[in-house]
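Hi there,

Here is the structure I promised to pass on to you. Have a look at it first, and then read my notes on its charged pairs below.

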Amino acid sequence: EIHVKEPIEKEVNPRLLPGELLLCEASTVYKYMQEDGSNRGTYGKLVCTNFKISFLDDDSASDDNEPQFKNKIVGENDITLQCVDQIYGVYDEKKKLLTGQLRKYPEKLIIYCKDLRVFNFCLRYTKEEEVKRIVSGIVHHSQTPKLLKRLFLFSYASAAPNNTDGRNQTVMFETLEDWRDELERTKGNVKYKAVTTNEGYKVSEKLPLYFVVPLCISEESILKYEGRGIPIWCWSCHNGAALLKMSAFPKEQDDSTSQMQKAFLDGIYKTISKPPYELLKLDDLSSSLPSLQDIQTAYTRFKQLFLIDNSTDFWATDVKWFSLLESTNWLEIIRRVLKKAIEVAECLEIQHTNVLLIEETATDLCCVISSLVQVMMDSYSRTKSGFQSLIQKEWVIGGHGFLDRCNHLHKSEKEEAPVFLLLLNCVWQLVQQYPPAFEFTETYLTVLSDSLYVPIFSTFFFNSQHQRDTNKSGESLKTQSGPFRFLTVWDWAVQFDPKAQAFLNNPLYAEKPKPDKSQRRTARFKHQRQLSLPLTQAKPSTKRGFFREETDHLIKNILGKRIGKFINSSDEPPNSLREFYDSWHSKPVDYHGLLLPRIDGPEIRVWAQRYLRWIPEAQLHGGGTIATAAKILDLMEEVQSLQVKMDEEHSQAVSGAVHSVPMRRNSARLSSLFPFALLQRQSVKPALPTSTWKDLEDEDDLVKRDDEFVDLSGDML
């Protein structure tokens with residue numbers, strides 16, 4: 001049985017942005033609601049522009065059902081062309097990946113998005129000619145290689161009016177002054193200097209126009225190998241120790257060249273390392289962290305757990321959730337990256353040693369580790385403007401290849417790797433472990449991850465400052481020829497109105513240290529689907545590690561290799577590092593001082609908001625962190641309104657009753673999917689068991705029990 005809304009009578013036209021062109025469309029397309037197997041849905045028009053794929057139904061024309069957290073650029077039924085991950089066609093109930101030229105056109109279209117949404121469109125009731133046009137149009141514009149100048153970024157920049165002031169508190173690091181101010185802020189100007197050697201990109205197109213190097217480095221040294229082998233400053237600790245990065249020389253070279261390069265490096269190291277006053281630790285990230293290929297493979301497996309078509313698939317995977325989650329290796333990669341950041345922090349904080357991160361280009365894992373260390377050690381980087389300035393400094397100006405790593409042009413899948421997403425996942429671990437330490441929320445991080453695929457901002461659509469600068473010149477449609485004026489993603493007013501932006505700011509941010517309250521732990525909501533591997537209780541004792549000593553041997557024998565990587569394995573931190581880690585965690589937290597993430601076993605969790613927000617089965621009705629935040633925002637708004645009324649009455653010296661202010665939201669009706677999806681139906685496990693359920697029906701009533709933490713530390717003997 002198919003439950004449908006009648007085809008729309010009135011004409012609904014897409015809302016086009018400046019520079020956006022309608023390329024193809026199809027009427028009488030049926031969009032499944034994708035909630036269950038009932039085939040419920042609605043008829044509408046499917047359109048493809050040079051910016052997005054969009055589904056328009058009669059709800060699109062009315063503003064009655066607008067979500068509270070509305071994105072002004074990308075609507076609920078919009079998919080930017082860069083956000084399309086894979087497209088499948090269904091032929092006689094069989095799914096087939098669609099690429100290139102099509103000989104036969106499908107009866108159903110399934111679009112998987114990089115933000116984890118899944119769209120199902122039925123084309124049976126659409127005219128054959130329109131099906132051909134819309135399917136081939138969508139596949140061509142979202143999946144085939146394109147030129148940089150063909151990105152919508154340029155169409156929008158040439159047609160959009162420049163009505164944004166472009167000024168916010170984010171430091172863009174595009175001028176020499178910005179770098180000098182940062183040196184002064186971190187007290188790094190005693191040993192380091194901002195250089196103009198690369199003006200006109202005469203040293204290297206991969207380096208930014210301005211950067212910072214040790215005082216003793218000469219201009220000749222920078223020019224010698226196009227900036228390779230030169231320590232570039234990232235940040236200075238309060239004790240004077242600095243975090244540096246360096247792009248390594250190619251490994252396969254002839255003997256004479258490699259000897260010269262080795263002698264050059266030895267000379268550079270001697271100028272920085274002057275024991276016992278100045279110590280230097282080298283850290284080659286290519287050997288101590290997973291490769292980009294490993295990261296890409298792990299994330300590809302991981303995201304498949306959340307690209308769910310229907311309720312049956314969800315409950316089928318729910319039975320083997322933990323083993324599926326562990327087999328992706330994604331959480332383990334996050335743990336290893338956080339552990340590396342703790343190692344670097346220990347060198348800087350305790351050993352007072354300069355750390356030099358080395359990588360082939362110094363624009364991938366170097367960016368991740370240097371950013372994480374600064375978030376952990378510098379409270380400024382935990383403010384909204386400070387974090388945005390950090391992303392500008394280390395990633396945008398630092399030369400991370402967003403265009404290649406996100407594969408925006410579909411040129412080469414070999415270069416693709418979710419390096420920036422890895423950073424956001426790591427920062428999220430810190431945000432959820434220490435909420436009061438951050439001025440921004442997890443919703444901010446989620447929205448930032450979505451903005452990777454919105455090509456009206458230049459922030460995430462170039463490989464380097466040089467590439468952006470050389471592509472800035474162009475013809476404007478409205479004025480005489482002149483350079484493009486690209487928008488920056490940090491101007492949040494472009495995407496959200498002030499009420500929506502309130503969800504990006506943490507109302508419980510600790511403005512000043514409050515030591516007496518610092519030991520309070522934030523309440524953790526128990527999710528219907530557990531988000532970490534259940535090896536122990538949520539709060540393990542720091543002194544005894546994972547298990548009590550008397551049960552340790554027995555548990556290892558029982559659980560074997562499955563948790564070997566988590567307990568006292570060869571991957572266990574060295575003694576000094578473990579002491580540093582345990583010592584810090586045994587003290588009260590200073591939200592404006594050093595922050596160390598908890599990385600033992602179940603402490604590394606799945607970023608629920610980003611990965612589960614489109615899955616109705618995974619929601620918590622009236623619960624989740626966002627419902628709590630919404631209630632706090634209500635209270636703050638009410639207090640502010642009362643304050644305004646009191647001030648008015650006081651100034652007018654008029655007495656009168658103070659009326660309570662109506663609340664903006666009813667938190668009881670929210671769910672953990674808010675603000676990205678409206679309240680969905682209550683999910684139930686399938687009445688007719690699948691083969692998986694049948695197999696497990698007699699085993700301990702496993703199906704009927706919710707996932708829960710297994711307490712391995714007590715009552716074992």
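Is Glu107 buried, partly exposed or exposed? With a relative accessible area of 23%, Glu107 is partly exposed; buried means under 20% relative accessible area, exposed over 50%, and partly exposed in between (1.4 Å probe, protein chains only).

Before going on, please note that this is a predicted model, where local features need pLDDT of at least 70, side-chain atom pairs count only at pLDDT 80 or more, and totals for chains, interfaces and linings use all residues. Residues are numbered from 1 along each chain as its sequence is written, and side-chain values use heavy atoms, leaving out hydrogens and water.

Now to the salt bridges (a side-chain nitrogen of Lys or Arg within 4 Å of a carboxyl oxygen of Asp or Glu). The whole structure holds 26 of them.

In one, Glu107 pairs with Arg124 at 3.6 Å, N to O. Glu107 sits in the loop between β6 (94–97) and β7 (108–113), and Arg124 in the loop between β8 (118–122) and α2 (128–143), so their contact ties together parts 17 residues apart in sequence. Helices (H or I, at least four residues) and strands (E, at least two) are DSSP runs, numbered from the N terminus. Arg124 is also partly exposed, at 48%.

Another salt bridge joins Arg185 and Asp378 (2.8 Å, N to O). Arg185 is partly exposed at 32%, whereas Asp378 is buried at 9%.

Lys393 and Glu394 form a salt bridge too, at 3.9 Å, N to O. Lys393 is buried at 4%, and Glu394 is buried at 2%.

Finally, a network of salt bridges links Glu182, Arg185, Lys245, Asp378, Lys393 and Glu394.

Enjoy exploring!
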